[in-house]
Amino acid sequence: MKDYIFTSESVTEGHPDKLCDFISDTILDRCLQQDKDSRVAIETFASKNLITIAGQVTTNADFSIDELTRNVLKNIGYDNKNTDIDYRTCKIQINITKQSSDIAMGVDIGGAGDQGIMFGYACDETKSFMPFAIDMAHMLAKRLTEVRKEKIIDGLRPDGKTQVTVEYENDIPKRIDTILISNQHEETKDLKELKKEIKEKVINVVIDSKYIDKNTKIYINPTGRFVIGGPLGDTGLTR
């Protein structure tokens with residue numbers, strides 16, 4: 001195909017699935033920081049005011065998973081159990097065992113504890129070597145977090161998602177067909193003001209104007225109200 005439409009989505013750090021990834025990755029990082037030979041297989045599940053962490057960990061690292069998890073939630077900005085989750089009061093359920101001795105026998109002599117097939121490629125469409133659509137979606141999601149944490153836009157909450165649809169001509173990104181942004185907000189936030197601010201302080205800052213024309217469709221919180229979010233609005237799971 002030479003001419004086609006391609007779309008990609010990204011999520012903010014407060015999206016329930018991303019939150020679970022973040023918690024699992026942070027536990028892995030802490031283990032490896034203290035013990036480079038750690039073996040870590042962690043799954044995180046997030047639902048209404050509850051974080052469940054389970055898996056197999058063999059390590060000499062010594063730290064509190066409960067404290068680590070609460071710090072992740074706090075740093076993301078989750079502090080309201082009525083709209084998403086509160087790092088101070090949420091329940092954290094931990095069910096972790098050591099790696100099976102049967103699996104360890106193979107790993108101890110240099111084998112793998114599991115097997116999988118992964119593939120990917122780099123492209124020259126962007127400086128990040130990622131396809132244009134996902135690069136733009138990632139940058140929009142990152143900017144949503146920046147404007148929330150730096151109070152450039154007031155009234156935003158951590159959960160959010162972006163989607164960018166790109167029109168290609170001769171296999172080259174020609175224009176952006178559609179931009180979709182949905183971001184959780186506080187009850188008192190005026191939706192008209194929210195849409196205006198996200199357009200001006202997120203989209204216009206991230207996207208080069210040469211890719212946006214009069215036919216580009218921009219949807220910001222198209223369903224309207226988005227107050228309930230995070231693990232209260234949607235279940236999250238490590239991916």
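The model is predicted: local features need pLDDT of at least 70, side-chain atom pairs count only at pLDDT 80 or more, and totals for chains, interfaces and linings use all residues. Residues are numbered from 1 along each chain as its sequence is written, and side-chain values use heavy atoms, with hydrogens and water left out.

## Whole chain

The protein chain has 6 helices and 10 strands; helices (H or I, at least four residues) and strands (E, at least two) are DSSP runs, numbered from the N terminus. Its C-alpha trace spans about 60 × 45 × 25 Å along the principal axes. The chain holds 239 residues, of which 44% count as buried. Buried means under 20% relative accessible area, exposed over 50%, and partly exposed in between (1.4 Å probe, protein chains only). Contact means heavy atoms within 4.5 Å. Among contacts between residues at least 6 apart in sequence, 73% join residues at least 24 apart.

## Two helix contacts

Helix α1 (residues 16–34) and α2 have axes that come within 10 Å and cross at roughly 135°. That angle makes α1 oblique to α2, because angles under 35 degrees count as roughly parallel, over 145 as roughly antiparallel, 65 to 115 as roughly perpendicular and the rest as oblique. The crossing of α1 and α2 is right-handed; a crossing is left-handed if the near helix is turned anticlockwise from the far one by less than a right angle, and right-handed if clockwise. On the α1 side the contact is made by Leu19, Phe22, Ile23, Thr26, Ile27 and Arg30, and on the α2 side by Ile65, Leu68, Thr69, Val72, Leu73 and Ile76. Sorted by class, the contact of α1 with α2 has 9 nonpolar, 2 polar and 1 charged residues. Here Ala, Val, Leu, Ile, Met, Phe, Trp, Tyr, Cys and Pro count as nonpolar, Asp, Glu, Lys and Arg as charged, and the others, Gly among them, as polar.

For helix α4 (residues 132–149) and helix α5 (residues 191–206), the axes come within 9 Å and cross at roughly 135°. This makes α4 oblique to α5. The crossing of α4 and α5 is right-handed. From α4, the contact involves Met136, Met139, Leu140, Arg143, Leu144 and Val147; from α5, it involves Ile198, Lys201, Val202, Ile203, Val205 and Val206. The contact of α4 with α5 has 10 nonpolar, no polar and 2 charged residues.

## Single residues

Asp66 lies in helix α2 (residues 65–76). This residue counts as partly exposed because its relative accessibility is 26%. Leaving aside neighbours within four places in sequence, Asp66 is in contact with Ile92 and Ile94.

Gln163 is placed in strand β7 and is partly exposed, with a relative accessible area of 26%. Not counting residues up to four places away in sequence, Gln163 touches Thr7, Ser8, Glu9, Thr178, Ile179 and Leu180.

Lys127 sits in the loop between α3 (101–108) and α4. At 85% relative accessibility, Lys127 counts as exposed.

The table lists C-alpha separations for these residues.

| Residue pair | Distance along the chain | C-alpha separation |
|---|---|---|
| Asp66 and Lys199 | 133 residues | 38 Å |
| Lys127 and Ala54 | 73 residues | 37 Å |
| Gln163 and Ala141 | 22 residues | 9.2 Å |

## Backbone phi values

Most residues other than glycine have a negative phi. Asn49 has a phi near 50°, a positive value in a residue other than glycine, and is found in the loop between β2 (39–47) and β3 (50–58). Phi of Asp171 is near 65°, also a positive value in a residue other than glycine. Asp171 belongs to the loop between β7 (156–169) and β8 (172–185) and is partly exposed, with a relative accessible area of 31%.

Note on methods: Axes fitted to C-alpha atoms, helices over the stretch in contact; angles between N-to-C directions.
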